[in-house]
Each structure stands twice: as C-alpha cells, then as structure tokens.
Amino acid sequence: MIAQNFDYLTPVSLAEAFDLLNDPGAKVMAGGMSLIPMMKLRLAAPERVVDLRHVPGLNKIQQDGAMLRIGAMTTHHELESTPLVRAACPLLAQAAAAIGDVQVRNVGTIGGSIAHADPSADYPAALQALEAEIRIAHRGGERTVLAKDFFQDTFTTALEPNELIVEISVPLEAKCTGASYQKMLQPASGFAIVGIAARVSMDGGKVSMVRVGVTGLGGSSYRAANVEALLVGSEGSAADIGKAAAVVAEGIDANSDIHASAEYRAHLARVYTARALSAAIARAEAQ
Amino acid sequence: MATTITKLDTLVGRKIKRKEDPRLITGTATYVDDIQMPGMYHACIVRSPHAAAHIRGIETKAALELPGVVAVYTGADVKDVGPVPCGASLPGLRVPHHHILAQDRVYYVGHPVAVVVARDRYIARDAVDLIEVDFDPTDAVADPEKALAEGAPAVHPQWPDNIAFNYHQENGEVDKVFAEAEVVVKQRITSQRLIPCSMETRGVVADYRSGEKALTIYSSSQIPHLMRSLVAGMLGIPENKLRVVAPEVGGGFGCKLNVYAEEALMGFIAIRTGKPVKWIESRREHMQATIHGRGHVDYYEIAARRDGVITGIKLKLIQDLGSYHQLLTPVIPTLSVLMMPGLYRCKTVRADIVGVFTNCVPTDAYRGAGRPEATHGIERMVDILAAELKMDPVEIRLKNFIHSDEFPYATGTGLMYDSGDYTKPLKTALEMANYNELRAEQTKARAAGRYMGIGLSTYGEICAIGPSPATPAGGWESATVRVEPSGTVTVLTGIKPQGQGEETTFSQIAADELGVGFDDVVVMHGDTSVVQYGIGTFGSRATAIGGTAMYLAIQELKTKIKRFGAMLLDSDDVSYANGRCTCNKSGKSVSLAEIAGAAHRAMKLPANTEPGLVASNFWEPPNFTFPFGAHIVVTEIDKDTGAIEIRRYIAVDDCGKVINPLIVAGQVQGGVVQGLGQALYEHGIYDDSGQLLTGEFMDYAIPKASMSPNIEMASTETPTPVNPLRVKGVGEAATIGCSPAVVNSVVDALSPLGVRHLDMPLTSEKIWKVLQGGRA
Ligand SMILES: Cc1cc2nc3c(=O)[nH]c(=O)nc-3n(C[C@H](O)[C@H](O)[C@H](O)COP(=O)(O)OP(=O)(O)OC[C@H]3O[C@@H](n4cnc5c(N)ncnc54)[C@H](O)[C@@H]3O)c2cc1C
C-alpha cells in the first residue's frame with residue numbers, strides 16, 4: 001500500500017510550521033498513526049507533510065495551578081505512564097492506556113487523535129468528561145475551545161485550516177473524585193465500539209459532581225448531561241446508577257456497521273455507563 | 001563378537017530451539033521482497049472495484065505518459081497466456097476459462113484487469129490511478145444459497161444455475177437407517193469465509209535471460225516444483241527452462257498452495273521487456289484477490305438410537321467456490337466428506353455437495369482445508385444429539401468412538417484409519433480440566449444465574465496427504481542426502497516450509513541417523529534448480545512423507561558409508577554409529593569426515609561402488625495418517641454485553657511420534673489461535689453487491705496476542721504404522737479441533753435458554769441477541 005508522492009518537511013518552530021502549512025496541499029503530521037494509513041489507502045493525498053516532531057515545547061506535561069497542561073505532541077504512552085498524569089488525572093491516563101496497541105501508543109499523540117476526531121477514538125470521551133480546554137494556535141494568535149464545542153461530527157472539529165492544536169488542559173482531579181474509562185473493543189482495530197468516561201465526586205454520601213463522556217455511539221463524542229442530571233445529588237446506589245445510565249443514548253443517532261448495530265451500541269452505552277459510574281463512585285468513596 | 005556402540009544422545013524427541021528463528025527474528029531472512037536486481041522493473045495491478053461488470057474499454061494513455069512507466073498490459077495482450085490452472089478433476093466439473101487478466105468481463109472485486117510496469121513501485125502505483133477502465137456493472141451474487149435461487153444473477157452467463165458441480169457419495173442403507181431411527185437430529189451449520197492473512201503477502205520476481213532463453217521466477221510459494229510445471233505450461237516455455245525459487249516464505253496456511261495469475265503475468269512481463277520485474281501484493285490485494293478459506297453451508301442430519309449410538313449421517317454441503325477454480329477449489333469440500341464421520345464408528349453415510357459459483361474471490365485450501373468444516377459439523381452434531389438425548393457430551397463420544405483394537409479401520413467414506421486410541425487424549429484432557437469439578441461448578445454458576453460453558457471436541461484429521469492416487473498432483477515426496485567432502489551433511493528436500501520448522505526437525509533426524517552434529521546438517525528446499533522434483537508443504541505432510549524420504553535416503557547412504565569405512569579399515573565387519581565407522585574386530589574406527597574425504601578423493605574405491613556420498617529417495621506413502629486429539633474449552637458469558645471469556649483452553653493432541661515438542665507446541669498454539677479466529681472473530685464479509693466489507697485489518701479481526709488465552713497443552717503418542725518415523729502430522733490439528741470446542745462451550749453455556757446451535761463467528765452482539773431472547 002503506497003501513498004502518493006509528497007514532500008516531507010520538518011519545521012523547528014511553530015512559526016516555521018505555519019509558514020509551511022500555508023499551502024492548500026499541505027497537511028500537518030503528528031504521530032502519523034491516522035494520517036499515514038489514510039495516505040496509504042489514498043484517502044488522503046497531501047503534497048506536503050509537515051511533521052511537528054521537531055517543534056520544541058509541544059510535548060510538555062506540566063501542572064499549572066489547578067490545571068494540567070499537556071502538549072499536543074504528547075504520546076499516548078507518555079500519558080499512560082507519566083506519574084503526574086496518573087496521579088492528577090487518572091481518567092486521561094486510563095483512556096490513553098486503552099488505545100490500540102503498544103506500537104500505536106508509542107507514536108500516536110493526543111493532539112493528532114483529537115484533530116482526527118475518529119468517532120470511535122478513546123480520548124474524546126475522557127476530554128468531554130474532563131471539560132478539557134483545547135488551545136489552538138494560528139499564525140499570529142491563538143484561541144481556546146472547550147471539548148464540547150471542539151468535537152463537532154465524524155472527523156469534524158472546530159479546527160480551521162491553518163490552525164494547530166498546541167495544548168490540551170484538563171483539571172487536576174479534586175479530592176473525593178473518582179474516575180473510570182470503560183470501553184468495548186472493536187476486535188479488529190481496537191477502537192471503541194463504545195467508550196464511556198465517568199468522573200464522580202462524592203460528598204457526605206451523595207454524588208456532588210458527575211461528568212460522563214461518550215465515544216463510539218454517535219457521529220461525535222458528547223457529554224451525557226442527561227445522565228449527569230439524574231445522578232447528581234443521589235446516593236450513587238446501583239439503582240441510581242441504573243436509572244441514570246438508562247438515558248445515555250437518548251436522542252443519539254447511533255452508528256451502525258459490520259461491527260455493531262445501532263441497537264447493540266446503544267445497549268452497550270448503557271451497560272458501560274453503569275460500569276464506568278460504579279467504578280468511579282467506588283474510587284471516589286475509597287479516597 | 002560384534003560390539004554395539006549405543007548412542008550417547010539423541011536429538012529426536014527433544015525440545016530443540018528452531019534453527020530458522022535467529023534469521024527470522026533478527027530480520028535477516030530473505031523474502032521475495034528482499035530480492036533486488038539491477039534494472040529491475042516493478043509491477044502494479046489494476047483491479048476491478050466491481051463484483052460483476054462488462055469491460056467496455058481501457059484507457060491507458062495517461063498512465064503510459066507518466067515518466068517512468070514502461071508498459072501497460074491488458075487482457076488483450078495476455079489472452080494466450082494461461083489459463084490459471086485448476087488441478088481438480090471431478091466428474092462433470094464446469095471449469096470457466098481463467099485468464100490471467102480479465103478479458104471482457106470481471107467476476108469479483110479484486111479481479112486483475114491490467115498491469116502497469118514502471119521503473120519503481122511508486123510510479124507503478126501512481127500510474128494505476130491514471131488508468132481508466134470503462135466498467136458497465138451488472139448484477140452480482142455473493143451468497144451461495146442466493147446464487148442457487150431461481151432467477152439469481154448468473155456468475156458465468158453460460159451456466160445460469162451457478163452450479164459448478166454436484167458430487168454424491170454414499171455408503172450403507174441410508175434411507176432405511178433414517179426411516180428406522182429412534183432419533184434424528186438436524187441442523188444447518190455454516191463455516192464462514194475466512195481470509196488467510198499470512199504475515200507475508202504474496203510476491204513474485206521474474207527474471208529472464210534472453211540469451212539462454214531461461215526464466216527464473218521467485219515466488220512466495222508452498223509448492224515451487226508444481227508451480228514450475230504449471231507456469232511453464234501457462235507461458236508455453238519448456239519446463240526445463242524455468243526455474244522457480246521460493247525463498248523464505250512468511251506463512252502460507254494454504255493460500256500459497258496455489259498458482260495465481262501473477263506468476264505467469266510476471267513471467268510474461270520479464271520475457272516481453274527483457275528486464276527483471278517485481279510484484280509485491282499489498283495487504284488490501286491479499287484480502288481481495290488471494291484465495292479465501294471455508295465458505296460452507298452444511299445441512300446435517302444424524303440418526304441415532306436412544307442409547308446414543310449414531311447409526312447414520314447425512315450431509316448436504318453447499319460450497320461457496322467463488323467465481324473461478326483456483327488450483328484445488330472444487331476438491332476441498334470432498335475432503336470434508338471423507339472426514340464426515342469423525343472419530344465415530346458410524347459407516348452409514350450420505351453426502352451431497354453442490355459447488356456454487358459466486359461473484360467472490362475463489363475459496364481454496366486454508367489451514368485444515370475441508371477437515372475443519374467437517375469436524376466442526378460432526379462435533380456440533382454430536383453435541384446436539386447429546387443434548388437431545390440428555391446425555392453428557394463425553395459419554396456420547398465414548399459410546400461412539402472407534403475402539404483402539406479396531407485399527408486399521410475402514411470408514412464409510414472410503415478411508416482406512418491407520419491407528420488410534422481416541423479415549424487417551426480425551427481422558428488426559430478431562431483430567432487436566434478436572435471435568436467433574438467443572439460440571440459441579442457449572443451447576444452452581446447456573447443456580448446463580450451465570451452462563452458458564454464447558455465444551456469439548458474430539459477431532460480426527462487426514463494428514464500426510466497423501467497417497468498419490470488420492471492427491472491431484474502426486475502425493476509422494478523426495479529427498480537427496482549428501483555428505484560433503486568435509487563430512488558435513490546437506491539435505492535437499494522437496495517440501496517447502498513456510499514457518500513449520502522442518503529445517504530443525506529434519507536436522508534432528510539426520511543428525512541422529514548419521515551421528516553428526518545438529519549444526520552440521522543443512523536442509524535446503526524451495527529451489528527447483530537445487531532440489532530434485534518434489535511436491536511441497538501442505539496437508540500436514542512434510543515430516544511424515546518428506547521426512548520419511550530423507551530417512552530412507554539416509555539408510556541407503558549409510559550402506560555406502562559403511563562400504564567406504566570397511567575399505568579404509570580393511571575390514572569386512574564394520575558398524576556405523578555416532579559418526580564413526582568401526583571395525584567390529586579390531587575396534588579401530590574412522591570418522592565420517594575421513595570417509596567422505598576418501599569417497600570424494602576416490603584414490604581407491606570399494607568394489608562395485610561409485611565415488612561420492614549421495615543418495616536419493618522418492619517415497620510414496622501407502623496411506624494417509626490420521627492424528628486425533630481432544631480439546632476442552634471453558635467459557636463464561638458476560639450477561640450484559642454478550643462478550644465471551646475463554647476461561648480455560650486445554651488441548652491434547654496425538655500426532656504420533658513427537659520429534660520436537662517445542663515445535664509441536666508452537667503448531668498447537670498457533671493452530672488454536674487461528675481456530676479461535678474463526679470461532680469468535682473472523683469473517684470475510686461480502687455485501688449483496690459483492691463488495692468485500694472486511695478488506696483491511698481495521699475491519700477483519702484476526703486474534704492478537706492480547707486476545708489469545710493461555711493454552712494448557714499435552715500430547716499423547718500413538719505411533720502410525722504408515723511410515724518408519726511413526727509421525728502423523730500436526731500442522732493443522734489444533735485449528736481443526738478448536739472451533740467446535742469453542743462453539744460447543746458457548747452453546748453449553750447458553751443451553752439453559754434452549755440454545756442448540758450458533759453459527760460462527762460468535763460475536764458479542766450475536767450472543768447478546770440470544771440473551772435478549774431472539775435467535776442469532
Ligand atoms: C492499529 C491502530 C489502532 C488504533 N487503535 C486506536 C484505539 O483503540 N483508540 C484510539 O483512540 N485510537 C486508535 N488509533 C488511532 C491512534 O490513536 C492515532 O494515534 C491517533 O488517531 C492520531 O494521532 P497521531 O499523532 O498519530 O496523528 P496523525 O496521524 O499524525 O494526524 C491525524 C490528523 O490530525 C492532524 N493533526 C495532527 N496533529 C495536529 C495538531 N497538533 N493540530 C492540528 N491538526 C493535527 C493531521 O493533519 C491529521 O489529519 C489506532 C491507530 C492504529 C494505526
């Protein structure tokens with residue numbers, strides 16, 4: 001499987017990257033784990049591939065007040081294994097660890113994954129549940145977009161041409177908060193048939209905060225606000241969880257393909273929502 | 001008095017690490033794609049995106065204008081080359097003319113239509129996109145049962161019923177037995193299309209020397225010699241002007257037991273352009289255009305007595321052939337018929353095969369080739385019968401097994417089972433599993449509302465294929481064994497390993513027999529200019545037949561070695577052991593190296609003896625061999641999602657004498673995982689219009705290491721009388737034993753819901769639907 005001819009460019013600064021990308025035939029590359037397969041299948045045929053890996057500063061992970069700032073070029077492996085991430089934002093580390101296989105995790109990046117916006121990718125569920133902020137730069141400026149506004153549809157995001165994701169910010173997990181990412185694997189690709197990210201804070205035996213992010217079910221990831229509304233304030237019992245999880249697929253036009261029918265996906269979303277919520281509550285209570 | 005020198009050490013039977021592995025795992029092996037030649041061209045093939053279409057025209061101008069493109073050939077250029085051979089001859093078989101490039105029609109997605117030849121493979125690939133084929137799509141049919149229906153589109157217009165052949169086989173008073181049966185169970189059982197997915201795809205390099213008029217074809221093949229005979233015919237060149245080399249072959253599983261259009265096509269290009277040319281199959285091409293396996297719809301009926309004794313078996317087998325016959329396509333389902341009764345004593349059998357054309361890539365041999373389908377069928381049916389009679393699946397098997405004192409045993413399908421003791425691996429497996437405790441645990445689990453399953457299969461298979469009268473291309477094998485002047489040993493074998501490890505097992509045997517070091521033996525294969533004619537590696541035949549040919553050549557060689565030894569020792573009473581020839585009277589001895597030196601220097605020769613130390617053997621086996629075994633699988637089903645967990649996998653295989661337990665374990669592990677692929681994940685899916693929906697690894701699920709269970713393994717050894725090595729074969733065994741054990745386990749888990757049968761693959765969704773009360 002052979003891609004079309006292309007020039008391969010390696011800028012060493014963001015400014016240079018923007019210069020090189022200012023060309024309709026140019027495409028930015030991070031880990032290449034989604035881009036290269038598309039090029040080999042000739043679904044993408046950029047004339048210029050601009051590789052970000054030599055741009056300094058894009059793979060930093062740092063704590064900044066109550067936020068964890070993650071460079072766009074941080075690999076899945078770095079996210080799953082860095083002690084700071086595992087301690088301060090376990091949900092993200094779990095989602096990273098659930099991606100594909102070791103080889104893909106060693107090379108693929110969070111920026112590339114969310115820019116690609118595969119409807120079955122794992123991060124989007126976590127980023128929805130974390131209400132992540134995505135910092136996007138363009139030549140001469142930048143803006144910040146919330147996860148809920150960033151993911152728009154299948155392979156469609158809020159990114160404009162010539163914009164680059166530079167950083168993803170997520171909150172440091174507060175005390176008494178537990179999180180869990182649960183997915184059913186598509187056996188061929190390893191992507192999520194559905195993936196559910198849940199964060200729950202417990203306070204005095206009650207659910208004081210809950211966030212649920214969903215991937216794989218519809219055209220885009222989303223936050224299941226209806227589930228959250230049903231659960232918050234409850235004791236988080238199995239019955240409470242069941243009742244809340246039951247609505248996760250409501251109003252969603254579920255995907256259907258050879259790997260799972262819409263009906264089965266919607267069912268799995270309910271099951272995995274309940275599982276992720278129970279695990280998150282158990283973790284919150286254990287703290 | 002003759003002194004016998006006992007061997008200090010033997011290699012046969014020991015866990016010897018494979019001598020092939022260092023080159024494989026360090027990336028230093030030479031595959032077809034590693035071959036580079038000066039001035040070599042690269043070919044890329046234009047393939048049909050339609051399952052059925054007329055070709056109205058092909059516009060090649062833009063491609064030819066692309067700098068670096070050397071030539072484009074279409075069907076018209078190669079209409080006299082070929083056809084792609086079908087090696088099967090069944091009475092009344094309809095054989096469509098299989099051109100190496102489509103002529104005026106295409107018959108499946110992936111059908112080769114044109115070929116671009118260019119200076120490099122990138123240009124060749126780019127040029128493919130510049131070729132415009134004017135297709136006029138027509139209706140296609142991709143499902144064999146739909147193809148048989150009235151009014152279905154005709155795959156080949158000349159045969160509107162889409163039937164390539166009907167085959168009937170019968171033994172005993174079938175109608176009477178069924179009419180009088182106390183119980184009859186029936187079931188439709190499918191064995192879905194699978195895509196072989198060898199790690200190395202196919203590839204061909206062709207190199208023509210016009211001065212000598214000699215063509216060399218390098219191809220990733222399991223059968224280089226047969227390929228040479230067949231491709232020479234396709235190209236119309238003398239067989240002795242064609243050399244075929246199969247270098248390192250990265251897996252075949254049957255898909256390289258074939259001759260494809262591409263071998264002749266590259267030969268044609270090399271001859272036409274005078275330059276070497278390379279074609280390497282992409283993964284997508286592999287999935288679309290290399291044979292698929294299985295593709296059965298089977299209708300079974302079993303007649304039995306109330307006590308569980310099986311009295312009759314009926315099978316209507318609908319074989320999805322695809323659009324053409326590849327080398328063995330129509331033969332594969334006949335192997336299923338031979339294997340129909342499994343390990344059971346029932347001789348009253350009737351089988352009817354309908355071979356059906358569909359607008360899909362042809363099916364052909366894939367690991368097990370006909371035997372997995374048959375074993376799946378009978379092992380499912382036995383469980384269905386046991387459920388009907390409320391018997392334990394172990395009990396019903398023990399009741400029907402052919403007894404160990406009944407061998408050789410003539411089956412109702414015309415086979416003569418060589419040797420067997422079917423209770424042995426079953427008992428071993430039951431002990432390993434702690435069967436009674438498992439059943440007790442299952443009772444508790446059921447009471448607690450859990451779905452736990454215990455499934456077994458007791459399988460048999462036809463190996464060491466095979467006696468020549470029963471094999472389309474001759475079933476013998478050859479070996480030449482040479483002691484070089486320095487005393488090292490070279491074995492030339494007609495088999496062609498693709499990962500099975502015969503360089504190791506053959507070295508073990510040769511080293512033991514000749515008393516030389518394991519590393520002093522080199523086993524060569526896969527080059528028709530180096531190796532005398534041979535048949536190849538498939539049908540779990542290589543060691544049983546090829547190994548025997550080598551063993552017999554070595555025996556002849558030992559006679560000659562002793563003659564030279566006797567001459568050097570000036571003795572008429574010598575023996576040969578541990579690499580030395582010893583005078584039984586004086587105790588003086590000479591080494592093999594000294595003997596080999598003398599035999600080649602030939603200053604003096606023993607009476608009636610020629611110089612050199614070489615012997616050849618072409619061995620015709622008197623029968624197949626029939627290995628067997630028992631697999632037990634414990635599963636548990638996630639009630640909420642339908643996901644299946646394999647809690648335990650126990651495999652006890654009896655492949656006759658074990659030469660290298662490490663290699664047997666490797667074959668069993670790989671075989672089980674491949675069987676799990678069919679049972680749980682894999683399915684080559686065509687939609688109704690003949691589009692392949694599983695055309696890449698993102699959609700076609702082969703099991704990965706993370707999806708593979710721990711496999712608890714054991715072997716029992718029941719030697720075969722068929723060959724002097726007493727080996728039966730193990731290359732396909734575990735794949736054959738696996739899928740019914742898994743399905744039996746899952747059906748057992750779901751039996752409280754009244755489930756009697758489920759077709760593969762057992763996807764989570766399928767199980768979930770069953771749990772919802774529907775039927776999958
Ligand atoms: C075998 C396999 C299995 C996989 N399994 C999973 C899985 O289970 N779960 C999962 O979530 N994913 C999976 N993936 C996808 C994987 O996570 C990829 O790493 C990810 O989708 C893309 O990241 P990348 O860094 O490789 O991006 P690339 O492939 O380099 O780029 C992807 C896209 O994003 C754009 N892009 C990249 N970086 C930026 C940026 N900073 N700003 C703007 N645009 C940018 C590129 O132009 C391109 O369009 C799998 C991939 C493979 C090959």
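Reader: How much area do chain A and chain B bury between them?

Author: The size of an interface is often given as the accessible area lost when the parts come together. In this predicted model, chain A and chain B bury about 2,000 Å², 61% of it on carbon and sulfur atoms, where buried area is the accessible area (1.4 Å probe) that two parts lose on being put together, summed over both. In chain A, the residues that lose the most area to chain B are Ile2(A), Ile258(A) and Tyr264(A), together 26% of what that side buries. The contact (heavy atoms within 4.5 Å) takes 24 residues from chain A and 28 residues from chain B.

Reader: How many salt bridges are there between chain A and chain B?

Author: The count is 4, a salt bridge being a side-chain nitrogen of Lys or Arg within 4 Å of a carboxyl oxygen of Asp or Glu. The side chains of Arg275(A) and Asp640(B) meet in a salt bridge, at 3.4 Å from N to O.

Reader: At what angle do helices H15 and H16 of chain B pack?

Author: Two packed helices are described by the angle between their axes and the distance between the axes. Helix H15 (residues 542–569) and helix H16 (residues 592–601), both of chain B, pack at about 90° with their axes 9 Å apart; H15(B) and H16(B) are therefore roughly perpendicular, the term for angles of 65 to 115 degrees. Among the residues making this contact are Phe564(B) of H15(B) and Ile595(B) of H16(B).

Reader: Which conventions apply to the numbering and the values?

Author: Residues are numbered from 1 along each chain as its sequence is written, and chains are lettered from A and ligands numbered from 1 in the order in which they are written. Local features need pLDDT of at least 70, side-chain atom pairs count only at pLDDT 80 or more, and totals for chains, interfaces and linings use all residues, while side-chain values use heavy atoms, with hydrogens and water left out.

Definitions and conventions: Axes are lines fitted to C-alpha atoms, for helices over the stretch in contact, and angles run from 0 to 180 degrees between N-to-C directions. Helices (H or I, at least four residues) and strands (E, at least two) are DSSP runs, numbered from the N terminus. Angles under 35 degrees count as roughly parallel, over 145 as roughly antiparallel, 65 to 115 as roughly perpendicular and the rest as oblique.
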